[in-house]
Amino acid sequence: MKNTRVWTHVLGWTLTLCALVDASGCGDGRSPHGELTTDENGWTFALSRELDPGQEENVCITQVVETDMDVVAISPETGGYTLVHHLLLWKHPSSGSNAVWDCGDSLPDPTMGSGIWASGSKDGLMQLPEGTAMHIAKGSRLTLNAHFLNATGQVTTARAALRLQFQPKDQPVEQYVGLWSLADYDFSILSHSTGRTRVECTAPEGADVLVVVPHMHSGARLMTVERLVGGQDQPWLTFHGPDDKAMELLTPQVRVGAGETVVLECEIENPRDTAATAPDEMCNAFLYVIGWQDTVVCM
């Protein structure tokens, strides 16, 4: 049996929230729409919003979790990222009520500090190995952020959804999976030039890396994820531009030891007349690891 909960703002509530979150585009007479569909196998979040040509909005849906959940698969649905820049799902201590709203850049602090999912540039199912799961505790609050951008030249409704599939209750979870978020938000590429970013991140404890999700913008030409061994960068993963892959499934999994350093680098071309920084361009890699239950952020 499915249970669907739908929230659509009345104008007065939207205006009140706009004052609280300073969301761009608020008060234009359009409201974001969201729904949560639940069944015994999982949850599906869905968001949509009508946009004028060139309009950009971040729309969020938040839901309090009423029972412990173990997530074994995550599947985004964006229609190819033509109207969707990214989807971010994170958990945080419960406060407030369930809602849908224009949330601006309402992101975790630090970014993905309690993350569950961050999209790359293509849709793709992330299926965790048998016996593993991401744990979401009862009393947590889940928030999905969809960043919409209408570059079609006409009024368009942008839509996105994210499906969480649960571990069957009669099957035990042997190991938990956590997120290791690697990102560079402190770079500047001179106008009409190509530059490189570099972040070195040290693993606080040993873990097996099983999925890597890259996220870059249009100026990115190359992303590399390397391991620092004996003072030398050892090649590991390579992504050619923002549309190369949705994710990299590692078979077999790659063991990163406690204290080992992982290096994230991006080569970025800037055709603008001004310097390019984050968030104009991005260099992010989200590593899903077995053995960590919580998120580790390296920025």
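Modeller: Strand β15 and strand β18 (residues 248–256) run antiparallel and are joined by 5 bridges. Strands here are DSSP runs of E with at least two residues, helices are runs of H or I with at least four, and both are numbered from the N terminus. Two strands pair if DSSP finds at least two bridges between them.

Colleague: Which residue of β18 does valine 212 stand opposite?

Modeller: Valine 212 stands opposite glutamate 248.

Colleague: Which other strand does β15 pair with?

Modeller: Strand β20 (residues 283–290), also in the antiparallel sense, over 8 bridges. There, proline 214 stands opposite alanine 285.

Colleague: How many of the 10 residues of β15 are buried?

Modeller: In β15 (residues 207–216), 9 of the 10 are buried, so the strand is mostly covered. Buried means under 20% relative accessible area, exposed means over 50%, and partly exposed is in between, with a 1.4 Å probe and protein chains only.

Colleague: Before we go on, what kind of model is it?

Modeller: A predicted one: local features need pLDDT of at least 70, side-chain atom pairs count only at pLDDT 80 or more, and totals for chains, interfaces and linings use all residues. Residues are numbered from 1 along each chain as its sequence is written, and side-chain values use heavy atoms, with hydrogens and water left out.

Colleague: What is pLDDT, and what is the mean for the chain?

Modeller: pLDDT is the predictor's confidence in each residue, from 0 to 100. The chain has a mean of 86, and 88% of its residues reach 70 or more.

Colleague: Which element has the lowest mean pLDDT?

Modeller: Helix α1 (residues 11–21), with a mean of 30, while strand β3 (residues 42–51) has the highest, 97. Over residues 5–29 pLDDT stays under 50, and the model has 48 contacts for that stretch beyond four places in sequence. A contact means heavy atoms within 4.5 Å.

Colleague: OK, the big picture. How many helices and strands does the chain have?

Modeller: The chain has 1 helix and 21 strands. Of its 299 residues, 52% are buried. Take the contacts with a separation of 6 or more: residues 24 or more positions apart account for 84% of them.

Colleague: What about the open sheet, what's its strand order?

Modeller: That sheet has 4 strands, in the order β14-β19-β16-β17, with antiparallel pairing. Its edge strands are β14 (193–202) and β17 (232–239), each pairing on one side only. On average, neighbouring strands of this sheet are turned by 25° against each other, direction ignored. Those angles are between axes, which are lines fitted to C-alpha atoms (for helices, over the stretch in contact), and they run from 0 to 180 degrees between N-to-C directions.

Colleague: And how many bridges are there between β14 and β19?

Modeller: β14 and strand β19 (residues 261–270) pair over 10 bridges.

Colleague: Switching topic: where is histidine 135, and is it buried or exposed?

Modeller: Histidine 135 is in strand β10 (residues 132–136). Its relative accessible area is 14%, so histidine 135 is buried.

Colleague: Which side chain does the side chain of histidine 135 make a polar contact with?

Modeller: That of aspartate 70, at 2.8 Å. A polar contact is a pair of N or O atoms within 3.5 Å; within protein, one must be able to donate a hydrogen and the other to accept it, and residues adjacent in sequence count only if both atoms are side-chain atoms. Leaving out residues up to four places away in sequence, histidine 135 touches Asp68, Met69, Asp70, Lys91, Tyr176 and Gln293.

Colleague: What about phi at tyrosine 81 and histidine 192?

Modeller: Tyrosine 81 has a positive phi of about 65° although it is not a glycine, and histidine 192 has a positive phi of about 50°.

Colleague: Why does tyrosine 81 count as buried?

Modeller: Because tyrosine 81 has 12% relative accessibility. Histidine 192, with a relative accessible area of 55%, is exposed.
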